Amino acid sequence: MANDNVQMWQELGIDLKMHQALMDALPTMFQEIYLSQKDRPAGMGFYDFVVGDIHGIRVKELVEHRKKGGKVVATYCVFVPEEIVWAAGAIPVGLCAGTQFSIPAAEAVLPRNTCALIKSSFGFKLARICPYVQASDLIVGETTCDGKKKMFEILNEYQPVYVMEVPNKKTEKSRALWLAEVKAFKDRMEKLTGNKITAAKLEKAIEQVNARRKALQRLYNLRKAVPSPISGKDALLATQVSFYDDIVRDTQMLNALDDELEKRVKAGEGVFPADAPRIIISGSPMAIPNWKLHHIIESAGAVVVAEESCTGTRLFSDLVEKTPVNLDAQIKAIADRYMNIHCACFTPNEERLDDIARMAKEYRADGVIHYNLQFCHTYATEAVQVEKRLEKEGIPLLRVETDYSDEDAGQLKNRIEAFLEMVKR
Ligand code: BJ8
């Protein structure tokens with residue numbers, strides 16, 4: 001542990017003892033889940049480095065940015081339009097929310113029957129173990145689910161929170177509400193940073209974020225090859241890192257990884273045998289270091305070929321459309337793009353069912369595993385519709401409900417192995 005990191009964490013108000021316990025647990029876990037894999041692309045070296053220094057260099061960059069008068073905006077959801085944050089000269093960063101480690105602290109305040117993602121993120125703030133939240137000037141929440149929106153009220157007692165209202169329907173009225181929300185968010189970002197968002201700045205930001213989306217689209221398109229040129233675990237990690245790395249560097253690294261995978265695909269090289277069962281995971285997002293389900297599936301000999309989730313296709317499948325360089329047109333294009341995220345918070349949400357069925361074909365999947373975090377009612381209930389739709393399409397489905405603990409790992413393993421046996425080619 002570099003001394004200057006310790007000093008930085010101290011200045012950010014981190015609980016050093018708790019934080020060290022978390023940092024001590026990560027390398028063993030990463031070794032077992034990631035570094036033990038065979039034939040990994042060389043491009044994953046960058047992501048291994050990022051995880052190895054998870055609370056170091058990137059946090060330092062954020063701290064430096066603030067020292068120069070810049071702002072950092074922390075987010076929990078892919079509904080927050082990051083183009084607007086960048087155009088205001090601020091840096092958006094996804095918050096830590098993927099580990100059991102921070103949950104006991106949260107359970108001292110929140111009801112235990114709250115989803116792990118909410119408890120984990122809240123616990124990180126309460127226990128002061130996430131330098132990203134500590135280094136942020138504003139947390140931006142959203143009204144996507146009841147658990148999150150009520151948690152934000154409590155979180156606001158610890159750090160300023162701004163909540164965007166995400167509508168629950170996709171009607172014209174809802175779209176108008178969302179457009180107004182995006183405009184209000186632009187005003188809030190201008191107020192936070194003291195910078196005016198101009199059409200030229202927004203154009204650059206739209207191009208930057210679209211470029212990263214295109215690099216992720218390339219990655220996922222390459223995963224459609226048989227055999228798959230990259231493990232699901234590695235692809236998930238590259239996607240997860242996109243939530244907080246510098247956008248230009250991240251796009252470069254993703255494209256370099258894509259170039260390497262293209263060569264593998266051309267040469268017919270894969271990380272799993274061509275007849276390994278191909279699985280799509282659909283459902284709740286997975287924040288670092290939530291690699292549990294992928295690890296169980298791939299340890300059983302199958303390969304995860306795509307994630308229909310916000311740490312998957314929902315993050316990048318739609319670009320912001322190119323418009324004339326004027327603020328009204330750009331903001332409207334941004335609002336339209338974000339309304340295309342098919343989160344289970346919408347009713348009805350047929351589009352998500354279409355996405356899963358289409359993806360199963362495109363990725364030549366043998367089955368879909370629907371993943372929802374325990375106590376997440378939106379995804380758990382929508383799984384009923386997913387099941388009906390996939391049955392109609394003749395696509396095998398396994399529904400899994402879990403949390404961040406390892407308590408159910410044995411049981412999950414048995415269920416997944418039985419499912420894989422059923423879908424085997
Ligand atoms: S756009 S999926 S990132 S809301 S798992 S906290 S829904 S109780 S994460 Fe999400 Fe945005 Fe939707 Fe995506 Fe609530 Fe469910 Fe927990 Fe969830």
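I began at the end of helix α17, where Arg 364, just after the helix, takes a positive phi of about 50°. I keep in mind throughout that this is a predicted model.

**Helix α17.** Stepping back into the helix itself, I noted that α17 covers residues 350-362, 13 residues in total, and that its first and last C-alpha atoms lie 18 Å apart, close to the 18 Å expected at 1.5 Å a residue. I then looked up which of its residues are buried, and found Arg 352, Leu 353, Asp 355, Ile 356, Ala 357, Met 359 and Ala 360. The cover over these buried residues includes the strands β5 (278-283), β6 (303-308) and β7 (367-373), together with the helices α15 (313-316) and α18 (377-393).

**The open sheet.** I next traced a sheet of 4 strands, which is open, pairs in parallel and has the order β2-β1-β3-β4. Because β2 (91-94) and β4 (161-164) stand at the edges with a single partner strand each, one side of each is left without a neighbour in the sheet. From one strand to the next the twist averages 30°.

Going through the pairings, I found that β1 (residues 72-75) pairs with β2 in the parallel sense over 4 bridges, and that it is joined to β3 by 3 bridges, again in parallel. Ile 139 in turn stands opposite Val 161 in β4, and the parallel pairing of β3 with β4 runs over 4 bridges.

**Strand β3.** Is β3 enclosed or open to the outside? I found that 5 of the 5 residues of β3 are buried, so the strand is largely enclosed by the rest of the structure. Leu 138, Val 140 and Glu 142 point one way from the strand, whereas Ile 139 and Gly 141 point the other way, and all are buried.

**Helices across the sheet.** Helix α9 (residues 146-155) lies across β3 (138-142) and β4, and runs at about 155° to β3. Helix α10 (residues 172-193) lies across β1, β3 and β4, and runs at about 160° to β4.

**The ligand shell.** Which residues come nearest to the ligand? Of the 17 residues around it, I found these to be Cys 77, Cys 115, Cys 310, Cys 343 and Cys 376.

Note on methods
Residues numbered from 1 in each chain as written. Predicted model: local features only at pLDDT ≥ 70, side-chain atom pairs only at ≥ 80, totals over all residues. Heavy atoms only, no water. Helix = DSSP H or I, 4+ residues; strand = E, 2+ residues; numbered from the N terminus. Expected span 1.5 Å × (residues − 1). Buried < 20%, exposed > 50% of the residue type's maximum accessible area, 1.4 Å probe, protein only. Contact = heavy atoms within 4.5 Å. Near = heavy atom within 4 Å. Pairing = 2+ DSSP bridges. Axes fitted to C-alpha atoms, helices over the stretch in contact; angles between N-to-C directions.
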